[in-house]
Amino acid sequence: MEKEIVLKTFLNRYEAEMAKGLLDEKGIDSMVSDDDVSNIHPGMIVRECNLIVNEEDLGKAKEAIKILEESPGGKKSAL
């Protein structure tokens with residue numbers, strides 16, 4: 001990856017990996033980076049995950065994950 005930028009921050013790795021899968025299908029390179037705070041604070045389950053893309057792919061990547069932000073009824077989802 002060249003210059004990397006955070007496309008979106010997710011509350012868990014599962015959602016981040018779903019979005020990464022959509023980017024993979026579109027041929028957009030990305031990676032998931034998580035902050036596992038449970039290593040620092042035992043008992044905490046918070047794991048924010050960043051979906052990271054090349055800066056040059058940012059526009060295409062935003063467009064590709066728009067589908068995750070809409071539910072089948074056209075309402076915004078939690079993603």
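Visitor: Hi! How many salt bridges does the structure hold?
Guide: Hello! The structure holds 6 of them, and the model is a predicted one.

Visitor: Nice. Which residue does Asp34 meet in a salt bridge?
Guide: Its partner is Arg13, with 3.2 Å from N to O. This pair links distant parts of the chain, 21 residues apart. Asp34 belongs to strand β2 (residues 30-36), while Arg13 belongs to helix α1 (residues 13-25).

Visitor: And what is the relative accessible area of Asp34?
Guide: Asp34 has 24%, so it is partly exposed. Arg13 is partly exposed as well, with a relative accessible area of 31%.

Visitor: Switching topic: what does Asp24 form a salt bridge with?
Guide: With Lys20; the closest N and O atoms are 3.1 Å apart.

Visitor: How many residues apart are they in helix α1?
Guide: Asp24 and Lys20 are 4 residues apart there, so about one helical turn separates them.

Visitor: Is Lys20 buried or exposed?
Guide: Lys20 counts as buried, because its relative accessibility is 18% and the cut-off for buried is under 20%. Asp24 is partly exposed, at 43%.

Visitor: Which residues are joined into one network by shared partners?
Guide: Arg13, Glu17 and Asp34 are joined that way, through salt bridges.

Visitor: Last one: what does Lys60 meet in a salt bridge?
Guide: The side chain of Lys60 meets that of Asp57, at 3.4 Å from N to O. Asp57 is buried, with a relative accessible area of 10%.

Key: Residues are numbered from 1 along each chain as its sequence is written. This is a predicted model: local features need pLDDT of at least 70, side-chain atom pairs count only at pLDDT 80 or more; totals for chains, interfaces and linings use all residues. Side-chain values use heavy atoms; hydrogens and water are left out. A salt bridge is a side-chain nitrogen of Lys or Arg within 4 Å of a carboxyl oxygen of Asp or Glu. Helices (H or I, at least four residues) and strands (E, at least two) are DSSP runs, numbered from the N terminus. Buried means under 20% relative accessible area, exposed over 50%, partly exposed in between (1.4 Å probe, protein chains only).
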